[in-house]
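Have a look at the model first, then come back for the notes.

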Amino acid sequence: MPPYFLLITVLALSLTATVHAQENAPTRRWSIGASLGTGLAYRSLINTDGSVFADQVINERNEREKRDLAIGGGFFAGYRISDRLSLEAGVAYARLGYVSSFDLSDLTFGDIIDPRRGFVFNANDIAVPSSWRLLDRFHYLEVPIGLVLELGKGRWRSSTTVGVAPAFLLAAQGLTVSTFADGRVERELYGRPEDFASFNLVPYISTGISMHPGGRWSWMLRPTFRLGALDLIDAPVSGRVYSATLELGVRYDL
């Protein structure tokens, strides 16, 4: 589904719900809250110029690149338009990415070339790591806007959110983790030199449970899927990042 279509759908549903639900609107309409989440992040690769070489690069990367840890969290404000429907908006941080792994323990070297950065190391001058992990990570500031549907009237209720988040790239970083035969681990963090897109659009959907123990507090536990709808970079091989996380949230009715 195109991200703009999802945004239009969310806005249309919210406007319709507002018109038909004013009579049932609860006394406390406004709320504030926060959420934290973690899970797995990855990417899909795209051949943007249709070349055979780009297909070969994609095949090679798919063989060596794996999922990375996704983390995120944020704050939000909500406006309840009926007993079941709310609008939420806020600000959030999200880290997405992927990992490349290389087992060097059974190899012998002349000069060593870092496969991602192109640096050449003389094998006679340095200790050779037994494995490399190369992590590519993208840090985003997001402004999520969503429609929340809660069903049920007891302490435990279902909770589903559909929305879209304009996302602004804070940093694109690489992390090299070198592990040596003696157990020593070295880490090097650096900025990625490529011209990655500074803006993305992230449709998201979550569904799970909410707990209302009484009073103004409530808790939510929701698996969440997020997809970066725009390409990471203007290149023959581009990509789109996505994540699947489990998010824990808390809300306070004002």
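The notes below go through the cavities, the nonpolar core and one arginine.

This is a predicted model, so local features need pLDDT of at least 70 and side-chain atom pairs count only at pLDDT 80 or more, while totals for chains, interfaces and linings use all residues. Residues are numbered from 1 along each chain as its sequence is written, and side-chain values use heavy atoms, with hydrogens and water left out.

**Cavities**

- A cavity here is a set of points, on a 1 Å grid over the protein atoms alone, where a 1.4 Å probe fits but cannot get out; lining residues have an atom within 4 Å of a point.
- Counting those of 30 Å³ or more gives three cavities, where volume is the space filled by probe spheres set on the points, and points are joined across faces, edges and corners.
- The largest cavity holds about 460 Å³ of space.
- It is lined by 34 residues, and S35, A92, P144, Y204 and E247 are the closest to its centre.
- Strands (DSSP E runs of at least two residues, numbered from the N terminus) that each give at least two residues to this lining are β1, β2, β3, β10, β11 and β12.
- β3 (85-103) gives the most to the lining of the largest cavity, with nine residues.
- The second largest cavity has a volume of about 50 Å³, and its lining includes R28, R29, R80, E88, R251 and D253.

**Nonpolar core**

- A nonpolar core is a set of buried Ala, Val, Leu, Ile, Met, Phe, Trp, Tyr and Cys residues joined through side-chain atoms within 4.5 Å; buried means under 20% relative accessible area (1.4 Å probe, protein chains only).
- The largest core has 17 residues, and among those touching the most other members are L96, F138, L169 and F196.
- β8 (156-179) gives the most to this core, with four residues.
- F196 is in contact (heavy atoms within 4.5 Å) with F138, L169, A172, L232 and I233, leaving aside residues up to four places away in sequence.

**R137**

- R137 sits in strand β6 (residues 131-142) and is buried, at 17% relative accessible area.
- Its side chain makes a polar contact with the side chain of D68 at 2.8 Å; such a contact is a pair of N or O atoms within 3.5 Å, and within protein one must be able to donate a hydrogen and the other to accept it, with residues adjacent in sequence counting only if both atoms are side-chain atoms.
- Beyond four places in sequence, R137 touches residues including R95, L96, A171 and L175.

Key
On a 1 Å grid over the protein atoms alone, a cavity is a set of points where a 1.4 Å probe fits but cannot get out, and a pocket is an open set with protein on both sides within 12 Å along at least five of seven lines; lining residues have an atom within 4 Å of a point. Buried means under 20% relative accessible area, exposed over 50%, partly exposed in between (1.4 Å probe, protein chains only).
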